[in-house]
Amino acid sequence: MSAIDDKKAVITQIGVLNSVGKKVEIPDTNSTLSSLNNNKEPVPFMLDTITVMAGSQGLEKMTGNVLTKFVRNVEPALKTTVTKQTVTHNSNSQLTSGFISGYQFPMKSIDLHGKLKTNPSSAVGGLIYGNNANNFDKSIYNAINNAGTDITHGSGAGAVVLNYDKTTDKLKIRPVVTSQTIGVFIVAFIGGLVLINETEFLSGVIDAMFGTTSAKQDKTLSQIKEEEKINKTVDKIAKDNKSLELTQDDLLEIEDKANNRLTGKAKVDVGCSIIDSNVSLDDLNTLIINTTGSTDPQQVGKNFGSLIDNSFGKDTTQTNPTNKNAIRDGFFKRLIDTMLAIIITSLTTSPQMRLLIGMVNGLKNNDNLSGALGNPLDDIKKQNNLIKCIADSASSLLNEFIFNTLKTELIKLIVPVTTVILREKMKAFTNILNSLA
Amino acid sequence: MAINFGSFDSIMGAINKILKLQNAGGTTSVPPPLIMVGGANRPGLSAIKIASAIIQRKSEAGLPVGALPSGGVSPDEIMERIRIEEIIKALQEDAKITIAIPPGTTLTANGSSPSGPVTVFGSTITIATGYAVIQ
């Protein structure tokens, strides 16, 4: 059977179980469930399955679960993944002399998303750098802001000294502890990184969907387009696309996304027309304040629901959507998809990860930095395997989390139906015995 | 088997396994002596009896039972009888039942040998097959 037939069979079976257990309508498998196609991505299908079982509320709660139970706890597993992928063949060797003197990398190859041009103390900066004082990207910003001055980041074996040269626009990085092995340094450096900060993560997710922070960072259309090209290429690697070249369709999509992010608006198709939706900086701040303090997935899901509800209908000249549930479902699915994309971005193209990749490259190749960090798009294509492995690992972790939630919901649905079936079988057996007596 | 969370097929397999949980608890076999005693006394299938039972229960589905306001027989009830008659006819005339009897059935046999009559105790060692009809 093809993937679409397999998916339809599962959805129909769940619909029948729903019908027997709760007396609700069997879903039409030819309806608008967006995952009913031959695409083999597990997350959209599992989310559709949850929608069939528990409706919009199920999806809302799932979003809350992903944030409170997955994103907040996934950091150690992600660090293990990054460590495994960056371990070098010469990890038992001492740090190289070149690295001890310092590796220099061009800033344009490190800061792919224009993050380091924003002051962490500004309103937007507070969102895009997050609220962790030990954030490595903040230290890089500090080094840029204090050109020519050594800025130490971290402690112990993973501590590094950063020094920015304004003339060449290059950042130098060297270890504080010079007498140690490459392996010990890399493990300690990764251990000291903050891969997922909730504030930074949420800002990234909402920005990717609505352009909330991009619109306030004074980015140009061309800058955002370059960022989107990088995001699209990483996405192609993550989704195992055969060709990493951007097609005409990709470029049109990039142009569209970049325009939306520049204006801080997202387009929503409400059936009869396309309307604007936008999330302001204040809306984002409110979401972060209400969400980061809560451990209740239901409440966190509701916070996202409110954000979505308030994101459209602001322009009174546009058609106000009547079917808000359908729009909410679409947003929740996109939200979870975007969360995965932001995790992958954080692990592959963030400034701290670019520096890590650059350092590992130099340490692997005996201080030869010629292929370390250059044109970002070319680098990403060259680092195809590394990015694919990290993306696969992050996807697997999210798939496992969503599957476990789905499993719990499925068992909740199946147990009452199974009890009814067993009773029916027992009754039939008794009837057979009676008929033979 | 462990699920490969990077593979769509593996995840789908796991979801299908969970859905099969509803089939848990197979039916218990009817004791063979009871079949021996009671089987022969069964009345056998009757299309009219089945159709009558279904028509009697139509009211459970909120459907009218009985003659039409004109006094004529409801075509729906006639159709019900025809449907069941055809199903029963197919079961009685076309259905093929093959019975597999596993090895290990104990047996006692009598025979003779040059030294006189012998009685053998043992068990079957091959799978035996048989056929049956539905009546």
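1. Start with a loop. D240(A) sits in the loop between α10 (221–238) and α11 (248–263) of chain A; helices here are DSSP runs of H or I with at least four residues, strands are runs of E with at least two, and both are numbered from the N terminus. Phi of D240(A) is near 60°, a positive value in a residue that isn't glycine. Buried or exposed: which is D240(A)? D240(A) counts as exposed because it has 10 C-beta neighbours inside 10 Å. (The cut-offs: buried means 20 or more other C-beta atoms within 10 Å of a residue's own, exposed means 12 or fewer, and partly exposed is in between, with C-beta atoms placed from the backbone.)

2. A word on what you're looking at. This is a predicted model, where local features need pLDDT of at least 70 and side-chain atom pairs count only at pLDDT 80 or more, while totals for chains, interfaces and linings use all residues. Residues are numbered from 1 along each chain as its sequence is written, and chains are lettered from A and ligands numbered from 1 in the order in which they are written.

3. Back to positive phi. D169(A) has one too, about 55°, although it is not a glycine. You'll find D169(A) in the loop between β3 and β4 (170–175) of chain A. D169(A) counts as exposed, because its C-beta neighbours inside 10 Å number 12.

4. Chain A has a mean pLDDT of 85, with 93% of its residues at 70 or more. Chain B averages 89, and 98% of the residues score at least 70. In chain B, the lowest confidence is in helix α2 (residues 32–38), with a mean of 88, and the highest is in helix α4 (residues 75–93), at 94. For the complex, the predictor gives an ipTM of 0.79 and a pTM of 0.78.

5. Now chain A as a whole. Chain A has 17 helices and six strands, and its C-alpha atoms fill a box of roughly 95 × 60 × 45 Å along the principal axes. Of its 437 residues, 42% are buried. Contacts (C-beta atoms, placed from the backbone, within 7 Å) tell you about the fold as well: in chain A, among those between residues at least 6 apart in sequence, 74% join residues at least 24 apart.

6. Look inside next. The largest nonpolar core has 103 residues, and those with the most contacts inside it are V205(A), M339(A), I344(A), L347(A) and A394(A). (A nonpolar core is a set of buried Ala, Val, Leu, Ile, Met, Phe, Trp, Tyr and Cys residues joined through C-beta atoms within 7 Å.) Helix α2 (residues 42–71) of chain A gives the most to this core, 13 residues.

7. Chain B next. Read along the sequence, chain B goes α-α-α-α-β-β-β-β. Its radius of gyration is 26 Å, whereas a compact globule of 135 residues would have one near 14 Å; this radius is taken over C-alpha atoms, and the globule rule is 2.2 Å times the number of residues to the power 0.38. The C-alpha trace of chain B spans about 85 × 60 × 25 Å along its principal axes. Of the 135 residues of chain B, 6% count as buried.

8. An automatic or database domain assignment sets the bounds: domain 1 is 31–95 and domain 2 is 96–135. Their C-alpha centres lie 38 Å apart. Five residues of domain 1 of chain B are in contact with four of domain 2 of chain B.

9. Finally, where do the chains meet? The contact takes 28 residues from chain A and 22 from chain B. On the chain A side, α1 (3–22) and α17 (384–436) each supply at least two residues, and α17(A) gives the most, with 20 residues. That side divides into 15 nonpolar, six polar and seven charged residues. (Ala, Val, Leu, Ile, Met, Phe, Trp, Tyr, Cys and Pro count as nonpolar, Asp, Glu, Lys and Arg as charged, and the others, Gly among them, as polar.)

Terms used:
Contact = placed C-beta atoms within 7 Å. pLDDT = per-residue confidence, 0-100.
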